[in-house]
Amino acid sequence: MSRTLKAMLFALMVLALAVVTACGADDSAVAEPEETEVEQGESEVAEETTEEAGVVNLYTSRHYESDQELYDLFTEQTGIQVNVVEGKGDELMERLNIEGENTEADLFITSDAGNLYVASESGLLQPVESEVLTANIPEKLRDVDNEWFGLTKRARVIVYAKDRVDPSELSTYEALTEADWEGRVTVRESNNMYNISLLASLIELNGEEEALEWAKGIVNNQSRDPQGNDRDQAKAIVAGEGDVAIMNTYYIGTMLNSEDAEEVKVAESVGVFFPNQETTGTHINISGVALTKHAGNKENAIKLMEFLSSEEAQGAYSAANNEYPANPNVEPNDLLKSWGEFKEQDIDLSVLGENQQQAIKLFDQAGWK
């Protein structure tokens, strides 16, 4: 089959999948969906240059219009057409596994370092040698073998009811297990990847025994059975179903910029606190990009990876999506800066994947639903 015919078939497949998956999925999955469908149209410039410059085929669990705008900008600058297939992270990994050598995918983008670790351990990725990427992305935000690279960061913080909690009462994740917080902590279910990665980080920093005691303490202090997504935790606090919650900063930013007036009202009623500033630092996680093992457009794929790590693209991620840039040369947007600078956990994010199964086991032992 000619490369031209293969490209046409892939474009048709992308269009079909976009129609099927346009409604997305809620943030209980690996990534937070966008509610608008992403169109896969080509600009006149792209039509004129694609045949010469080629394509790059992307599987992504990030469903944001702002991401598509970056791909369009990349095409405008390079002539390389970006074909996008969207889905949940675990589903896309399974698809890569099933397709094997026959996959059309060149790049894989997903949220959570734990997921990227699983993709690497499953043999779905290959290392990338790029001076641009290693210069733009700090060592702790990329795989030790350069099989994946962080693109954006999200901090997992303590969110509190402004009318009932003085931030001076807050200090660490560990302190939320104390008697003062009994019946006041609102959290998601234990099978949520963000919580799994948080516990994986505590295993790395404090050891398994202390991590288990922390999980047990949170279970004891829960204000209700774990349920809902990150947004629902903030809504529960404002409704009086708890006083504090553990959430990602991204979701507070999204709610503050929502077209839904009720979501904005909820977000304005809670405060953001960065825990463990005097100890081990606040937990962060990433969205990241990886080159697939059987990439057929490797050179173009690496060019897109480098572009997404650039100051231009990193600034766009932060401005449009309220995420912290992975590139340290880029400042976060004004909203993120208004929350102040904070100390991050000083760990290699690969350990979030290495400790993942043990974290799941500890949650089960602790009785965290």
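The following legends describe close-up views of a predicted model.

**View 1. The aromatic pair of Tyr 324 and Phe 342****.** A search of the whole structure finds 8 aromatic pairs. In the pair formed by Tyr 324 and Phe 342, the ring centres are 5.5 Å apart and the planes stand at 70°, so the arrangement is edge-to-face. Tyr 324 belongs to strand 10 (residues 324-325), whereas Phe 342 is in the loop between helix 14 (334-338) and helix 15 (350-354); the pair therefore ties together parts 18 residues apart in sequence. Both Tyr 324 and Phe 342 are buried.

**View 2. The buried face of helix 4****.** In helix 4 (residues 89-99), the buried residues are Gly 89, Leu 92, Met 93, Arg 95 and Leu 96. Seen down the helix axis, these buried residues fall within an arc of 160°, so they line one face of helix 4. Gly 100 follows helix 4 and has a positive phi, near 55°.

View 3. Leaving aside residues up to four places away in sequence, Ala 366 touches Leu 212, Ala 215, Lys 216 and Val 219. Ala 366 and Leu 212 are separated by 154 residues in sequence, yet their C-alpha atoms are 6.6 Å apart in space.

Terms used:
Residues are numbered from 1 along each chain as its sequence is written. This is a predicted model: local features need pLDDT of at least 70, side-chain atom pairs count only at pLDDT 80 or more; totals for chains, interfaces and linings use all residues. Side-chain values use heavy atoms; hydrogens and water are left out. Rings of Phe, Tyr and Trp (its six-membered ring) pair if their centres lie within 6.5 Å; planes under 30 degrees apart count as stacked, over 60 as edge-to-face and the rest as tilted. Helices (H or I, at least four residues) and strands (E, at least two) are DSSP runs, numbered from the N terminus. Buried means under 20% relative accessible area, exposed over 50%, partly exposed in between (1.4 Å probe, protein chains only). The arc is that of the directions from the helix axis to the C-beta atoms. Contact means heavy atoms within 4.5 Å.
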